[in-house]
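Please walk me through this structure.

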2 protein chains.
Amino acid sequence: MLNEQTTAAPRDCGDCPIRHRAVCARCEADELKRLDELKYYRSFEAGQTVIWSGDHMEFVGSVVTGIATLTQTMEDGRTQMVGLLLPSDFVGRPGRDAAAYNVVAITDMVMCCFRKKPFEQMMNETPHIAQRLLEMTLDELDAAREWMLVLGRKTAREKIASLMAIIARRDATLNLAGIDKPIVFDLPLTREAMSDYLGLTLETVSRQISALKKDGVIHLQGKRHVTVPDFERLLEEAGDDSDGGMLA
Amino acid sequence: MLNEQTTAAPRDCGDCPIRHRAVCARCEADELKRLDELKYYRSFEAGQTVIWSGDHMEFVGSVVTGIATLTQTMEDGRTQMVGLLLPSDFVGRPGRDAAAYNVVAITDMVMCCFRKKPFEQMMNETPHIAQRLLEMTLDELDAAREWMLVLGRKTAREKIASLMAIIARRDATLNLAGIDKPIVFDLPLTREAMSDYLGLTLETVSRQISALKKDGVIHLQGKRHVTVPDFERLLEEAGDDSDGGMLA
DNA sequence: ACCTAACTTTGACCCAGATCAAAAACCGAA
DNA sequence: TTCGGTTTTTGATCTGGGTCAAAGTTAGGT
């Protein structure tokens with residue numbers, strides 16, 4: 001699997017790659033110092049389960065590097081991905097004891113963790129943390145609702161295009177490559193993980209990716225490396241209106 | 001349509017039916033007093049659109065009485081409900097200018113509104129409001145994710161049973177009638193609204209309701225009045241595990 | 001290099017739910 | 001109490017995506 005970075009954990013918050021996007025983004029120097037004393041790093045290998053749904057959670061934290069999925073499973077094994085956790089995303093819910101979802105690392109991953117109790121304590125005393133967490137939670141809620149439209153009303157082809165668009169957009173944001181040039185990225189997900197995200201079977205995912213490729217909407221080198229020659233075209237295929245609804 | 005309460009707006013926060021569940025739930029007397037000066041009531045008729053997606057929003061607020069839906073629409077008219085707004089639910093997003101969804105009153109409805117700017121101002125100065133809003137947003141995020149599983153992985157029959165279970169549970173919570181007795185409630189939604197919620201056609205909704213009725217899972221008087229003789233049975237039909245995952 | 005296990009693609013067939021169509025039930029207004 | 005529009009039910013048929021099966025591809029380990 002992808003093993004992009006065997007990053008050593010940053011020793012200091014000042015060096016942290018997610019410093020300005022994570023739950024600590026608004027903290028002042030003194031607040032950061034307090035957090036610094038609370039935090040510890042944990043590494044997970046690709047494929048490793050971070051938390052099982054229903055388990056007691058003794059920590060919350062942020063994804064520093066790598067990618068994880070948030071999934072829900074029914075007794076008969078049907079599973080639905082309900083979130084994709086990227087660097088800076090927050091894991092866990094302050095004020096809740098039991099995990100509501102499975103969290104699985106899909107690449108090697110490093111998390112910046114805080115024991116739950118002290119973090120909750122600090123959150124009560126530090127509006128900057130609670131404010132940022134609210135903002136992040138509202139963003140996640142918007143993303144979840146956007147995904148409800150995808151799951152409830154889009155065709156298989158539109159679903160695949162929507163997923164590609166989301167990943168492409170994220171990469172465009174990170175790499176600042178401008179949206180007019182061809183966008184190039186690696187799919188972080190297996191076909192099976194995509195099917196869990198999109199509410200499809202992996203066979204349908206494979207077929208629709210082949211179809212989009214045949215129609216020139218995307219270009220593949222290998223199974224995972226994707227080029228999008230025309231982002232507008234991809235958005236049309238996704239059924240989104242042309243501006244894509246991105247907000248600051 | 002349902003016209004349950006032609007409630008006069010409560011003149012004072014002390015009399016407010018949603019005082020202890022809404023965004024103001026944690027406010028102290030002095031904080032409440034400040035909010036009181038900011039607030040104004042607006043009434044909407046059944047069927048009236050409260051906000052159009054994309055519109056500038058000059059207010060945020062709480063549903064006091066009545067029910068509204070939050071929907072997303074594609075250009076070709078496909079629509080997906082992404083939330084059901086019940087009394088005490090919050091409408092609008094502090095820090096965002098344009099509405100992201102359509103909000104439509106489906107019964108007569110009264111909202112307690114605040115002009116957005118002053119409310120944001122007050123939120124910054126009043127941790128109790130921000131804390132409660134965070135809590136409510138986290139709950140909504142959980143609800144949205146539960147719904148992603150319904151939309152992505154459940155069959156039509158399971159979807160209907162899931163919807164009934166959600167409404168039944170809400171009524172059980174409000175009416176405190178105990179979960180062992182038969183549960184009785186009125187569907188607040190038309191078949192079409194249900195189909196928009198569940199990602200189905202209204203014909204399929206109708207057929208599956210008939211099927212659940214024939215199989216004795218639910219009982220109907222008229223089109224809207226539902227009796228659930230055995231809630232456990234309903235949960236099985238919904239594909240949920242028996243405990244239903246309710247948390248405080 | 002080769003082997004193995006995981007991942008991916010492709011094909012053939014089927015079915016749950018969509019679509020198209022029409023009848024029935026309901027509700028409020030005149 | 002009847003009328004007209006809305007909501008709901010039911011029927012017939014079609015189809016997108018699921019299921020089952022098998023073959024192809026890829027990457028890491030020895």
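A polar contact is a pair of N or O atoms within 3.5 Å; within protein, one must be able to donate a hydrogen and the other to accept it. Keep that rule in mind for this predicted model.

Take chain A. At their interface, 9 residues of domain 1 of chain A are in contact with 10 residues of domain 2 of chain A.

About 1000 Å² is buried between the two domains of chain A, and carbon and sulfur atoms give 71% of that area. On the domain 1 side, A:Met81, A:Leu84 and A:Trp147 lose the most area to domain 2 of chain A. Together these three account for 52% of what that side buries.

What about polar links? Across the interface of domain 1 and domain 2 of chain A, the rule finds 5 residue pairs in polar contact, both residues at pLDDT 80 or more. The count of salt bridges between these domains of chain A is 0.

Strand E5 (79-85) and helix H3 (127-153) of chain A each supply at least two residues of the domain 1 side. E5(A) gives the largest share, 4 residues. By class, that side of domain 1 of chain A has 6 nonpolar, 2 polar and 1 charged residues.

Now bring in chain B. A rotation of 180° with 0.0 Å of shift along its axis superposes chain B on chain A, with an RMSD of 0.0 Å. That is the relation of a two-fold axis. The same surface serves both copies: 100% of the contact residues of chain B recur in chain A.

Notes
Residues numbered from 1 in each chain as written. Chains lettered and ligands numbered in written order. Predicted model: local features only at pLDDT ≥ 70, side-chain atom pairs only at ≥ 80, totals over all residues. Heavy atoms only, no water. Least-squares fit on C-alpha atoms with pLDDT ≥ 70 in both. Contact = heavy atoms within 4.5 Å. Buried area = accessible area lost by both parts, 1.4 Å probe. Salt bridge = Lys/Arg side-chain N within 4 Å of Asp/Glu carboxyl O. Polar contact = N/O pair within 3.5 Å; in protein donor to acceptor, adjacent residues only side chain to side chain. Nonpolar A, V, L, I, M, F, W, Y, C, P; charged D, E, K, R; others polar.
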